[in-house]
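I looked up each topic in turn.

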Amino acid sequence: FTAPNVGMWAKFQLMPTSTTRGNLCDIEHKGILQITLFTPIGTNDTVINDKADAIVNHFGTELAHNVLDHNLLIMSSHKETAMPDSDGKWYMLPISIEYEVI
């Protein structure tokens with residue numbers, strides 16, 4: 001994979017874990033949204049950590065959001081520690097957001 005020639009970029013991965021039918025019209029979706037931030041090796045790590053903190057604060061933990069007439073409950077959101085990727089060219093920092101949509 002060749003990354004774009006930019007200072008920071010993100011990779012998003014939606015990982016649904018279950019879908020449950022409640023009442024006749026209610027469908028509940030659960031899963032994890034994985035956002036991985038990348039910055040070039042040698043970039044001050046406060047740049048990637050500040051962006052990750054902003055994302056975690058935006059989604060929150062045990063917060064409800066209303067998105068397109070659906071209730072989105074964030075069960076938890078947290079960041080991991082930045083680490084070099086397998087090529088040694090980028091720092092990557094995973095953020096996991098556990099959600100439920102009704």
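I began with the rule for rings: those of Phe, Tyr and Trp (its six-membered ring) pair if their centres lie within 6.5 Å, and planes under 30 degrees apart count as stacked, over 60 as edge-to-face and the rest as tilted. I noted that this is a predicted model, in which local features need pLDDT of at least 70, side-chain atom pairs count only at pLDDT 80 or more, and totals for chains, interfaces and linings use all residues. Residues are numbered from 1 along each chain as its sequence is written, and side-chain values use heavy atoms, with hydrogens and water left out.

**Entry 1: aromatic rings.** I found 2 aromatic pairs. W9 and F38 are stacked, at 4.2 Å centre to centre with 10° between the planes. W9 lies in strand 1 (residues 9-21) and F38 in strand 2, 29 residues apart; strands (E, at least two residues) and helices (H or I, at least four) are DSSP runs, numbered from the N terminus. W9 and W90 are edge-to-face, because their ring centres are 5.8 Å apart and their planes are at 90°.

**Entry 2: salt bridge.** I found 1 salt bridge, which requires a side-chain nitrogen of Lys or Arg within 4 Å of a carboxyl oxygen of Asp or Glu. D53 and K79 form this bridge at 2.9 Å, N to O. D53 sits in helix 1 (residues 45-59) and K79 in strand 4 (residues 70-79).

Entry 3: Is T39 buried or exposed? T39 counts as buried because its relative accessibility is 1%, where buried means under 20% relative accessible area, exposed over 50% and partly exposed in between (1.4 Å probe, protein chains only).
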